[in-house]
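Hello,

Here is the structure for you to look over. My notes on it follow below.

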Amino acid sequence: MDLKDEVEAAHGVAIAQTALFAALIGILRSQGILTRELENVMFDAAITQVETAPGIDPPLALRARQVLEVIASELAGPPQGQD
């Protein structure tokens, strides 16, 4: 596998993980399990994990942070049943 194939494979995995992460948050919120406070803690932990991962390039860490922040802003608002 050459570098281009590796990058494309890693990108595909990242997209799949992002979709899964967003779906999981949506399900937990709709069930009233995930409060806004816990959601914020989860996003903070995810961002910290990405930024402190050994060997991660700073531009990749920045992009991951941006994606997580977009997801967080899109999900903003009270969890269903917790208004």
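**Salt bridges and core**

Glu69 is partly exposed, with 39% relative accessible area. Here, buried means under 20% relative accessible area, exposed means over 50%, and partly exposed lies in between (1.4 Å probe, protein chains only).

First, some ground rules. This is a predicted model, where local features need pLDDT of at least 70, side-chain atom pairs count only at pLDDT 80 or more, and totals for chains, interfaces and linings use all residues. Residues are numbered from 1 along each chain as its sequence is written, and side-chain values use heavy atoms, with hydrogens and water left out.

Now the overall layout. The protein has three helices and zero strands. Helices (H or I, at least four residues) and strands (E, at least two) are DSSP runs, numbered from the N terminus. From the N terminus on, the order is α-α-α. The protein has 83 residues, and 16% of them count as buried. Its accessible surface comes to about 5900 Å². Carbon and sulfur atoms hold 63% of that surface. Such areas come from the Shrake-Rupley method with a 1.4 Å probe; for residues, only the protein chains shown count as cover.

Back to Glu69. Glu69 forms a salt bridge with Arg65, and their closest N and O atoms are 2.8 Å apart. A salt bridge is a side-chain nitrogen of Lys or Arg within 4 Å of a carboxyl oxygen of Asp or Glu. Both residues sit in helix H3, four residues apart, which means about one helical turn between them. Arg65 is partly exposed too, at 28% relative accessibility.

By this rule there are three salt bridges. Another one pairs Arg29 with Glu39, at 3.1 Å from N to O. Arg29 lies in helix H1 and Glu39 in helix H2, so this pair ties together parts that are ten residues apart in sequence. Glu39 also forms a salt bridge with Arg36, with the closest N and O atoms 2.7 Å apart. Glu39 and Arg36 are three residues apart in helix H2, so about one helical turn separates them. Shared partners join Arg29, Arg36 and Glu39 into one network.

How exposed are the members of that network? Arg29 and Glu39 are both buried. Glu39 has a relative accessible area of 0%. Arg36 is partly exposed, at 28%.

Next, the core. Which residues make up the largest nonpolar core? There are nine: Phe21, Ile25, Leu34, Phe43, Ile47, Leu68, Ile71, Ala72 and Leu75. Helix H1 (3-30), H2 and helix H3 (58-74) each give two or more residues to this core. H3 gives the most, with three. A nonpolar core is a set of buried Ala, Val, Leu, Ile, Met, Phe, Trp, Tyr and Cys residues joined through side-chain atoms within 4.5 Å. In soluble globular proteins, nonpolar side chains tend to be buried together.

Ile47 is worth a click. Leaving out residues up to four places away in sequence, Ile47 touches Arg65, Leu68 and Glu69. Contact means heavy atoms within 4.5 Å. Among contacts between residues at least 6 apart in sequence, 60% join residues at least 24 apart.

Last, Thr52. Thr52 is in helix H2 (residues 36-52). Thr52 counts as exposed, at 56% relative accessibility. A polar atom of the Thr52 side chain lies 2.8 Å from the backbone oxygen of Thr48.

Best wishes

Definitions and conventions. Polar contact = N/O pair within 3.5 Å; in protein donor to acceptor, adjacent residues only side chain to side chain.
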